[in-house]
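Welcome! Here is a short tour for anyone meeting this structure for the first time. Please take a look at the sequence and the 3D view before reading on.

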Amino acid sequence: MTRQSKTWLVLGAVFVALLVARGMIGQGLGRVYVKRTDVTVKLPEAAVNNAAGAPSALASGSTNASTTTAATQAMETPAAASTASSSATTISWQEWKQVTPLEFNAAQKANPAQTEITLSWPRTIGLWLAAFFTLAIFSFLYADNPFYKIAESLVVGVSAAYWGVIGFWDTLVPKMFGALTPGLVKSLVQPSLVAPEKLQQISMIFALILGVMMLWRLLPRGGWISAWPLAFIVGVTAGLKIVSHVESDLMAQAAATMKPLFVSVTDASGATNMWDSWWASVANVLLVAGVICCLAYFFFSVEHKGVVGGAARVGIWYLMITFGASFGFTVMGRIALLAARVEFLFDDWLWLIDPNHFRGL
Amino acid sequence: MSSGNFNNTNASVRPWFERLDRIDRRWIFLLMFLAVAGPILWIGVTGKTLPEAPTLAARAVFEEIDHLPARTLVLISFDYDPASAGELQPMATSLVRQCAAKNLRMVFIALWPLGNQVAQQTIQDVIRDDYPALKEGDDFVNMGYQAGNEAVMKLLLTDFAKAFPKDSRGEATSNIPMLKDVKMVSDFPLLISISAGYPGSKEWVQYVISAYNEKMNFVTGCTGVSAPQLYPYFPQQIAGLLGAIKGAAEYESMVNASLAVDGVATPPKYLQAQRRMGPQLVAHLLMVGLIIVGNMIFFARKRRGAA
Amino acid sequence: MKRIIPMWIAIIGGFAMMLSSFVPLAESAGEMFADVFNVVAAIAFVLGAGSLAKQHLEKLSRRDAGWGYSIITLGSFLITLFIGLGKIGIHPNEQFPQAPYSGSNEMEGSAFGWIYEYMITPLTSTMFALLAFFVASAAFRAFRAKNTEAILLLVTAFIVLLGRTFAGVVLTGWFPDWASGLRLENLSIYVMQVFNTAGNRAIMIGIALGVAATGLRILFGIDRSWLGGGDA
């Protein structure tokens, strides 16, 4: 056994021991409770008539609805799955909202036999899994290891699929399929869909063609076909960026730099405040000089000698201050993210602290 | 990793700076963890937070929202995902809380694929839990996510409904009561972006605000990484700016003070940013300490080299 | 043919977008192109997902080093895709109960929501949080006051790090009013609004000029390097 394996073993054993000890003290740790709500919704009359009439998309939809309801329940409490029901005129399902342990305790105290607020196993397992993933990624700080690699592989797989799913349901379905197959989208997904205009349909056919050409890239042959949609993306992006950058980052920034070099600051009585005026004027002078000097540093068509060289040197100093400020802000940001993860471990998982008063500690 | 792998086995004769310089970086990692974990535990147990003095940029955000008349339409763009929520969620919570308390009509959109989910969660935590009287479709609406980044902004310039054809419930934009007078983005007097990068605050300035600077005001909350790059836009193009968790804490304290009720403590979920300033303080001190020690090593070695 | 048509597509698309900002007549063309762009961007997500699957399948079939992790990637990818595209466990929206797929994937308690809450959130946010450790280590090892430029960078970092926390108030809060500008919290604001603004503004102006020049080269067909093949 290598030294590293031994260290892992010791660390793991200590950690499990601490976890077991924590679980036996006080309220325990890492549980998620949910409150059940029964929802019954009446189907619109037209839909009921349609469903009774023929095996339309709606009829299959109703079946589908009850199936998906059962799946929701299976996610929460498998035993309750059979209670899902769907009749010809109504459809019903159960919804679970996360509640605090405090609410669970209160409900139990009022009625120990209550079943409205219960422990959610899927969410509790999820919470422990989330804690495992957090620790797996932190374990990279000690050394690269299989736990980290598993977490890393999961991030890639889940994220790619997640983005694909969101792109499909949020953009492709309402925009492209909504324009090309409005009947289907209306009956299955979005009954409120507005009938598409002709121009909209034409542009979506255009988008579909470009999309298919883009996906051609995945095939072993004919990769050049994907250059057409790429050209569209490059062209449109260039057209968008030219105008916006010149307008907001060139013209507007140049205008914002044209500041008065002497500023008179008056106080409430209308008298000039000498100190404030001096500081405001200095700020403007430093700002204008700074922009000019930094631009001089970026101006490579002239050799950096003499006045230009001096200005460029001052420009470098300004840029160094800029980078120092960026460093400070970056550190601040990363620490905030770390604090959020540690809060998750201590609060949501280990129940060591209770800043949100969820458990009444 | 170089734990204990000194080239010279006689480590004890090395000068202090050499030994310190070769310290295993995992000790630094441990110090950082303790610097963050310690204050979290302390604040978690005592519930105490540090006082905040709002700066000009954060005050401007508060005032931009505060001076709007009730029922004004506000467009709130969630341009971040859970990876940056540690920094941005406290801002989002307070921004939505101030808008809800002012009875502004809020339209949520997302330009990041996971932004819709974060928006949904914020709506639940703030609006549904604490302002249940606000009605979806009349007082607030979540239009969800749309792909396309700056092309979505371009579309918003001329046709809001085309850019966001439905809300997250599946209701067509044209059927949503609060949007019946909205044709384009300039129909929103105020735009708020909570942004973690691209596309986000910078792109909103470039594609929307530069086109409608006189009709619309723009305030933003952003991550520490992007805040320095947004300062050149302040205050001409960005009226108010919340930079990183410090900006969030300043703004949060202002919103809490404005909504404080005598004898009623601020709900702890509205103190997230101020709580996070505790670990921030200790970790920043550690960073400063590490840089100082690093330089002491540098100068000690230089002096020895010169000698 | 393989290069001329894409070039003209780029030129037409680019000019339509540019003109739509100035010419009211071109506005609807710009709108249409932006709409198409958004849909193509969504299809690009599908392409990204497909490329990932293809790459890992190839890795798997070649039994490359670490192919076991490719199984995890592919497995998690396919499960998420199945749950998300099939809206597994999603009941219809209360407003539209007649449409079986009207429910949102983001609803609380759904399987897709579970993946978001307990997989994506901890995994991505912890990945980002890791950098806090590495930035600390890097500051200790590399942040050395070697010359004037490095000293400026270092001093600014100190001002920002201390001035943006309560440390600034403790260390310099006692300064009298006439010297309040030297308090760390005020100095950090001054640094951001004067020096940082000047530096970043110059960078922005430079980038804007670069973007405009590159964009125009593409739209005039001078720069064709993006088509590949190297004959720019």
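Predicted model: local features only at pLDDT ≥ 70, side-chain atom pairs only at ≥ 80, totals over all residues.

## Where chains A and C meet

Chain A brings 124 residues to the contact, and chain C brings 119 residues. On the chain A side, helix H6 (residues 146-180) gives the largest share, with 23 residues.

What kinds of residues make up the side of chain A that touches chain C? They divide into 87 nonpolar, 27 polar and ten charged residues.

## The layout of chain A

Chain A is built from eleven helices and three strands. Reading from the N terminus, its elements follow the order α-β-α-α-β-α-β-α-α-α-α-α-α-α. Of the 361 residues in chain A, 40% are buried. If you take the contacts in chain A between residues at least 6 apart in sequence, 50% of them join residues at least 24 apart.

## The paired strands of chain A

Now look at the strands. In chain A, strand E1 (residues 33-42) pairs with strand E2 (residues 90-99) in the antiparallel sense, over ten bridges. To find one of these positions in the view, go to Thr37(A), whose bridge partner in E2(A) is Glu95(A).

E1(A) also pairs with strand E3 (residues 117-119) of chain A, in the antiparallel sense and over three bridges. Here you can look for Lys35(A), whose bridge partner in E3(A) is Ile117(A).

## A look at chain B

Chain B has eleven helices and six strands. Its C-alpha trace spans about 80 × 50 × 35 Å along the principal axes. How much of chain B is buried? Buried residues account for 57% of its 307 residues. Among the contacts in chain B with a separation of 6 or more, 76% come from residues 24 or more positions apart.

## The largest nonpolar core

The largest nonpolar core holds 242 residues, and the ones with the most contacts inside it are Val208(B), Val40(C) and Ala136(C). Helix H11 (residues 306-349) of chain A supplies the largest share of this core, 20 residues. Domain 1 (31-119) and domain 2 (263-348) of chain A each contribute at least three residues to this core.

Which residues does Val208(B) touch, leaving aside its neighbours within four places in sequence? Val208(B) is in contact with Met153(B), Leu156(B), Leu157(B), Val185(B) and Leu191(B).

Notes. Residues numbered from 1 in each chain as written. Chains lettered and ligands numbered in written order. Helix = DSSP H or I, 4+ residues; strand = E, 2+ residues; numbered from the N terminus. Buried ≥ 20, exposed ≤ 12 C-beta atoms within 10 Å, placed from the backbone. Contact = placed C-beta atoms within 7 Å. Core = buried A, V, L, I, M, F, W, Y, C linked by C-beta atoms within 7 Å. Domains from an automatic or database assignment. Nonpolar A, V, L, I, M, F, W, Y, C, P; charged D, E, K, R; others polar. Pairing = 2+ DSSP bridges.
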